Amino acid sequence: CCIMSGSALAQSSITIYGLVDAGLAIERGGAAGNVVKLSSGMGNGSRVGFRGTEDLGDGMSTYFTMEMGMAVDTGASTQGGLAFGRQIFVGLKGSGGQVQMGRQYNPIDDTLGQVDPFGNGFAGRTASLFGNGPKNTGGYTARLNNVLQYITPNLSGFTGYASYGFGEVAGDNSAGRYIGLSVAYANGPFWSRLAYSKVNGNPATSSVKNTVLAATYDFGPVKAAAAYGINKDEAGGATTLDSSDMMVGITVPMGQGNFLANFTKKNDKTAADNGAKMYAIGYQYDFSKRTRFYIDYGHVSNDHTLLYAVNYSVDTGSGTNAVTVGMQHRF
Amino acid sequence: CCIMSGSALAQSSITIYGLVDAGLAIERGGAAGNVVKLSSGMGNGSRVGFRGTEDLGDGMSTYFTMEMGMAVDTGASTQGGLAFGRQIFVGLKGSGGQVQMGRQYNPIDDTLGQVDPFGNGFAGRTASLFGNGPKNTGGYTARLNNVLQYITPNLSGFTGYASYGFGEVAGDNSAGRYIGLSVAYANGPFWSRLAYSKVNGNPATSSVKNTVLAATYDFGPVKAAAAYGINKDEAGGATTLDSSDMMVGITVPMGQGNFLANFTKKNDKTAADNGAKMYAIGYQYDFSKRTRFYIDYGHVSNDHTLLYAVNYSVDTGSGTNAVTVGMQHRF
Amino acid sequence: CCIMSGSALAQSSITIYGLVDAGLAIERGGAAGNVVKLSSGMGNGSRVGFRGTEDLGDGMSTYFTMEMGMAVDTGASTQGGLAFGRQIFVGLKGSGGQVQMGRQYNPIDDTLGQVDPFGNGFAGRTASLFGNGPKNTGGYTARLNNVLQYITPNLSGFTGYASYGFGEVAGDNSAGRYIGLSVAYANGPFWSRLAYSKVNGNPATSSVKNTVLAATYDFGPVKAAAAYGINKDEAGGATTLDSSDMMVGITVPMGQGNFLANFTKKNDKTAADNGAKMYAIGYQYDFSKRTRFYIDYGHVSNDHTLLYAVNYSVDTGSGTNAVTVGMQHRF
């Protein structure tokens with residue numbers, strides 16, 4: 001009764017998906033003055049992607065993801081002109097776990113996105129402070145190239161992640177190398193994850209190390225979250241950055257949405273002592289499964305100099321006070 | 001009887017569309033000599049896009065468009081390397097109208113595309129003269145970033161458009177700001193539109209202002225078109241460009257296609273007095289709903305210096321005489 | 001019984017397809033030292049494309065292809081940032097043949113891809129030597145812009161290809177011009193193809209000329225392949241490169257895959273006499289119609305200086321010994 005054309009059938013092996021996030025960012029307290037921007041990807045980076053899977057039988061399958069990031073406000077690529085800058089990989093899955101090769105997320109970024117009530121975005125992005133430094137001058141690397149990753153099956157609630165990123169420097173295997181390790185545990189209302197990342201420079205005497213321990217507990221009327229992080233940079237063998245971070249947050253279901261709040265503190269252990277505190281509140285209203293409206297407010301107070309600002313998921317902010325108001329549409 | 005896979009269902013929320021336009025441009029009378037080119041997007045820019053909509057109930061819906069422009073002759077992006085350079089936005093529609101955020105068209109460009117028998121493309125592109133100057137040295141900006149646009153519902157044939165583009169310069173709200181206003185009216189065979197655009201520089205003492213009034217009347221055997229435009233550039237408070245434009249044109253249905261002709265005149269009001277006249281004729285044969293063949297001829301005569309040439313929708317031309325012959329395929 | 005949404009129907013005119021190829025390249029013997037890389041497109045360039053066709057009746061049809069190339073290991077475009085760098089064209093097909101306009105393959109590249117058991121990829125890529133020079137310093141141009149190509153219908157096993165690429169240099173029709181000619185013949189187990197390409201520089205006193213004659217014969221238990229090539233570069237009227245190439249190879253079906261081997265020899269006819277020899281062996285296991293695993297080994301021995309290395313389909317190699325091991329997934 002129903003005839004589908006060959007091309008439509010061919011397409012059944014591929015899914016196109018995406019997210020469009022746009023709204024206003026109102027920023028105050030920046031060095032250059034106040035500004036209002038129409039921004040994209042404040043909550044979650046705007047994207048369009050292709051993914052597919054093939055059943056190979058015997059519980060095995062191959063799969064791939066290609067995800068392009070773009071700014072809805074300008075049409076530009078959001079990862080420096082890369083065609084598929086968000087993530088791109090091909091993988092093989094079996095009873096013993098998954099192996100995937102390509103450009104992939106750092107488990108530090110995954111973990112912060114999972115523990116932060118704001119999903120590490122909006123005016124509440126905990127990584128405005130969390131990590132090795134301000135967004136523009138360092139911090140952890142969210143995505144890494146040339147990565148071979150192994151993911152264990154779910155073992156009684158535990159899932160392990162091990163990543164190796166090839167530095168691809170001829171004659172020096174350790175230069176540019178990346179190592180990522182993570183264990184997650186989920187059991188009913190409780191979730192926790194430990195993540196570690198080390199990215200070497202070239203030469204390998206420089207490196208950036210991050211560790212995060214995160215946990216959430218869903219009490220029903222409210223979900224509580226907490227995270228603790230340690231960051232170290234070494235350049236030429238000397239420690240150049242040394243800091244610890246903590247975040248606490250809550251998510252409170254309210255009507256057709258959620259009220260969110262978090263508090264983040266960075267403790268700078270170097271002589272400069274440029275720490276900072278940040279708090280944020282927000283409300284996200286889910287008009288439908290695919291359309292969300294949001295309004296969020298974040299405030300950063302720097303201990304000494306004006307170093308940290310309220311950042312968003314993809315866009316960089318300039319203000320120590322910021323409001324993000326906008327909408328997200330998924331497809 | 002018919003089982004569609006989940007991925008095919010998931011795709012029902014997204015439409016992929018596009019246009020491929022390629023052919024030959026034969027240009028004579030340019031400063032560097034004659035040339036024959038295999039060009040793309042002469043009639044309409046070649047493109048591929050994703051769009052979708054979600055019904056939110058109560059007459060409300062959200063929608064998005066992501067449109068990539070590319071050159072079929074080279075594979076390159078046509079808007080300076082932007083991923084989605086043609087247009088990209090997310091919107092909300094209700095009984096009170098539409099609001100959309102993103103990179104959007106200037107109503108000047110929309111209006112010229114609607115009034116010009118050549119759709120502001122091919123060897124008859126009226127914007128070869130219309131606007132603030134030659135394509136490479138100014139003119140109106142076809143697309144603008146960071147734009148919040150409101151479109152009214154159709155009110156007895158009238159539709160209004162109001163756009164605000166954030167300059168996003170910290171400490172100066174007016175620098176880089178864009179304002180676009182337009183009213184369109186359609187009633188049976190009559191259509192008319194008034195459009196205004198002002199784009200500020202940084203600092204805001206520089207600006208480009210364009211106004212166009214356009215109308216068409218469909219007599220049945222022939223559709224007549226006319227447009228009048230005023231352009232002003234100011235730099236540092238002084239007027240640097242000051243011109244007015246007019247265009248008249250006709251569209252005559254002939255067989256499975258249309259015969260087209262237009263005449264455009266630019267009056268340069270500055271001391272340089274570098275005005276120009278242009279006329280063009282063409283025939284477009286619609287082989288099917290999706291495939292069109294075209295042949296067009298345009299001629300520009302500059303009042304004094306060799307300033308204006310016959311341009312096309314996306315590609316820039318070099319000749320004062322130009323023939324475009326090619327095909328378009330829509331999908 | 002089955003209702004498809006309008007958007008799904010609209011998509012029936014377009015097919016999305018692609019290939020993801022990723023794995024490890026282990027390279028030894030390069031000037032800068034040994035290296036292990038996680039690479040993409042070693043066997044065949046990773047890609048995602050859109051193609052479609054429209055039946056115009058009377059045996060005529062229009063069609064298009066837009067093919068984007070990307071690196072799975074980094075997310076970057078693989079043809080220098082081009083949106084659709086692999087190929088993009090629109091065409092018209094009738095009983096008299098096909099005409100297509102756009103960015104298209106050189107028949108030299110097509111022919112080498114067809115005759116080489118390794119498909120001109122993996123650690124056995126015959127074009128590591130075949131062509132005008134090492135990948136980074138010349139060689140034939142795989143893809144050309146501004147190309148008008150005519151392809152004959154299949155005439156008793158013969159198919160002809162004629163390409164003209166416009167140089168688009170004003171005042172000089174021959175500068176930058178490309179001419180490609182090819183004839184292929186297939187009859188049962190026998191296949192053969194002759195291809196010629198000439199790409200002019202600007203000015204046209206510089207040019208690159210390549211000729212390849214290739215043939216394969218499928219004996220059943222084994223398929224034999226052979227190719228011979230002649231390459232000439234001229235700069236300012238003087239011959240700067242002058243070489244001939246030969247390749248022999250076999251493909252042996254083994255189990256659910258193929259064992260492959262080839263031997264390539266470059267004879268440098270200039271005073272420098274920088275020729276080289278290369279041999280490669282490999283096995284490709286087709287887990288399914290869409291998923292392939294591969295392991296290949298290639299070795300280059302340069303006659304004098306370290307000029308040639310084992311290259312892959314898209315990525316450039318650094319080693320005179322190279323192993324490629326990885327997987328491909330088509331969709």
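Let's start with one residue pair: C:Val212 stands opposite C:Gly229, which sits in strand S12 of chain C. Before I go on, please keep in mind that this is a predicted model.

Strand S11 of chain C, residues 207-218, runs antiparallel to strand S12, residues 223-235, and twelve bridges join them. The two strands make a hairpin with four residues between them. If you look at the turn, C:Gly220 has a positive phi of about 105°.

One position to look for here is C:Ala224, which stands opposite C:Ile250 in S13 of chain C. This hairpin has two residues between its strands. In its turn, C:Gly236 has a positive phi of about 60°.

Strand S14 of chain A, residues 257-268, is joined by ten bridges to strand S15, residues 276-286, and they run antiparallel. Within that pairing, A:Asn258 stands opposite A:Gln284 in S15. Then S15 of chain A pairs with S16 of chain A, antiparallel as well, through eleven bridges. Here A:Tyr283 has A:Ile295 in S16 as its bridge partner. The link between S15 and S16 of chain A is a hairpin of four residues.

As a general point, side chains of opposite charge can pair when their charged atoms come close. The side chains of A:Lys266 and A:Asp245 form a salt bridge, with 2.8 Å from N to O. This pair links distant parts of the chain, with A:Lys266 in strand S14 and A:Asp245 in strand S13 of chain A, 21 residues apart. Over all chains, the count comes to 16 salt bridges.

So how do the chains sit relative to each other? In general, two copies of a chain are related by a rotation about an axis and a shift along it. What rotation superposes chain A on chain B? The rotation is 120°, with 0.0 Å of shift along its axis and an RMSD of 0.0 Å. The two copies are therefore related as by a three-fold rotation axis. Chain A goes onto chain C with a rotation of 120° and 0.0 Å of shift as well, at an RMSD of 0.0 Å.

Next, the interfaces. The size of an interface is often given as the accessible area lost when the parts come together. Between chain A and chain B, about 3300 Å² is buried, and carbon and sulfur atoms give 72% of that. On the chain A side, the residues that lose the most area to chain B are A:Ile16, A:Leu38 and A:Met327, together 17% of what that side buries. The contact takes 41 residues from chain A and 40 from chain B. How many salt bridges cross between chain A and chain B? The rule finds zero.

Which elements of chain A give two or more residues to the side that touches chain B? They are strands S1 (15-28), S2 (35-40), S3, S16 (291-302) and S17 (321-330). S1 of chain A gives the most, with seven residues. By type, this side of chain A divides into 24 nonpolar, twelve polar and five charged residues.

Now turn to the contact of chain A with chain C. This one takes 40 residues from chain A and 42 from chain C. The buried area is about 3300 Å², with 73% from carbon and sulfur atoms. On the chain A side, the elements giving two or more residues are helix H1 (6-10) and strands S3 (47-57), S4 (60-69), S5 (87-94), S6 (97-105) and S7 (143-151). That side divides into 25 nonpolar, twelve polar and three charged residues.

One last point on how the copies meet. Only 20% of the interface residues of chain A are also interface residues in chain B, so the copies meet through different surfaces. Thanks, everyone!

Terms used
Residues numbered from 1 in each chain as written. Chains lettered and ligands numbered in written order. Predicted model: local features only at pLDDT ≥ 70, side-chain atom pairs only at ≥ 80, totals over all residues. Heavy atoms only, no water. Contact = heavy atoms within 4.5 Å. Buried area = accessible area lost by both parts, 1.4 Å probe. Nonpolar A, V, L, I, M, F, W, Y, C, P; charged D, E, K, R; others polar. Salt bridge = Lys/Arg side-chain N within 4 Å of Asp/Glu carboxyl O. Pairing = 2+ DSSP bridges. Least-squares fit on C-alpha atoms with pLDDT ≥ 70 in both.
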